[in-house]
Amino acid sequence: MPFLTEPEPERGAVLPVMPGISRIVAANPGPMTYYGTNTYLIDTPDGLVVLDPGPEDHPEHVEAILRATGPNVALILVSHTHHDHVGAVPALQKATGAPTVGFRLSGLDSFEADIKLADGDAVAGMTAIHTPGHAADHLCFGLPASDGTAVLFSADHVMSWSTSVVSPPGGNMMDYFGSLRLLLERTDDVFLPGHGPPLPEPRTLVREFLTHRMARERAIETALAGGASGTYALMDALYSQVHPRLRRAAERNVLAHLLKLEAEGKAMRDGEQWRAA
Ligand SMILES: [Zn+2]
């Protein structure tokens, strides 16, 4: 897969991305988060918008955001309610009083957006695009940038450095396929993901992701045709090269594929085992 890498970003620094857009990378590196969560600062006709304040328990990150924005934050946007994106919302909202904006149905009991968006809604010169799959409440935001570039804040739906984990029940493989195909119909010039560097020519990688997932799905079907199997054993057979720290995430992806196959009438569950239907 043609993934992108970047040098470790300077911590606490405001890194210019494009005219009117910069990011601060939170210090929560890991096998699922790369160097950390990208918090974007976006100049909009409605004022300065912060997209994804980052994880909880990183006060230095909230301080870095506030150093860059001052108290005048117009909106706090949330791409989805995983903790590495939404955890710092209470601290940032307390400091700025800015309203929060997110999908109308939150995936997290402890978070409810002040301004609730549906697919296609406009917010601060951007368009919200409901892209479930990685998370049921996942939104991407389309922005025509000041220099004419069509930008899509793709959050964790499509990232430049890695595939996304699709972990049921919040993650749904059928939705993920649909949300990838949705992006192929668009004409965005660049994706700005929730982790990792900007992704130019984004549809090339989106197509690769679809091909990769379809191949995985066929491999699972082939394995099930050879006999019943559990999710861990399937993962072990299919992801032989996966890093040990990613084995649990890989198993969640396999489960998501199995639930998709079950919904399509191609696989069935038998206790802890799965078999072809
Ligand atoms: Zn994330």
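Predicted model: local features only at pLDDT ≥ 70, side-chain atom pairs only at ≥ 80, totals over all residues.
The zinc ion is coordinated by four residues, namely D84 through OD, H85 through NE2, D156 through OD and H195 through NE2, at 2.0 to 2.3 Å. Along the chain, these donors follow the spacing D-H-x70-D-x38-H. Helix α2 (residues 83-86) contains H85, whereas H195 belongs to the loop between β12 (190-193) and β13 (199-200), so the two histidines tie together parts that are 110 residues apart in sequence. Both H85 and H195 are buried. The arrangement of the four donor atoms is irregular because the angles they subtend around the zinc ion range from 87 to 159°.

Two packed helices are described by the angle and the distance between their axes. For helix α1 (residues 59-69) and helix α3 (residues 89-96), the axes come within 10 Å and cross at roughly 35°. The crossing of α1 past α3 is right-handed. V62, I65 and L66 of α1 make the contact with A91, L92, A95 and T96 of α3. Of these contact residues, six are nonpolar and one is polar, with no charged residue.

Most residues other than glycine have a negative phi, and most peptide bonds are trans. Y34, in the loop between β2 (21-25) and β3 (38-44), has a positive phi near 55°. Its relative accessibility is 15%, so Y34 counts as buried. E201 also has a positive phi, of about 45°, and is located in the loop between β13 and α5 (202-225). With 64% relative accessibility, E201 counts as exposed. The peptide bond from P168 to P169 is cis, with omega near 5°; P169 is placed in the loop between β11 (150-155) and α4 (173-184).

Key:
Residues numbered from 1 in each chain as written. Heavy atoms only, no water. Axes fitted to C-alpha atoms, helices over the stretch in contact; angles between N-to-C directions. Helix = DSSP H or I, 4+ residues; strand = E, 2+ residues; numbered from the N terminus. Left-handed = near helix turned anticlockwise from the far one by under 90°. Contact = heavy atoms within 4.5 Å. Nonpolar A, V, L, I, M, F, W, Y, C, P; charged D, E, K, R; others polar. Donors = N, O, S within 2.8 Å, 3.2 Å for Na, K, Ca; no water. Tetrahedral: all angles 85-135°; square planar, octahedral: opposite > 155°, others 65-115°. Buried < 20%, exposed > 50% of the residue type's maximum accessible area, 1.4 Å probe, protein only.
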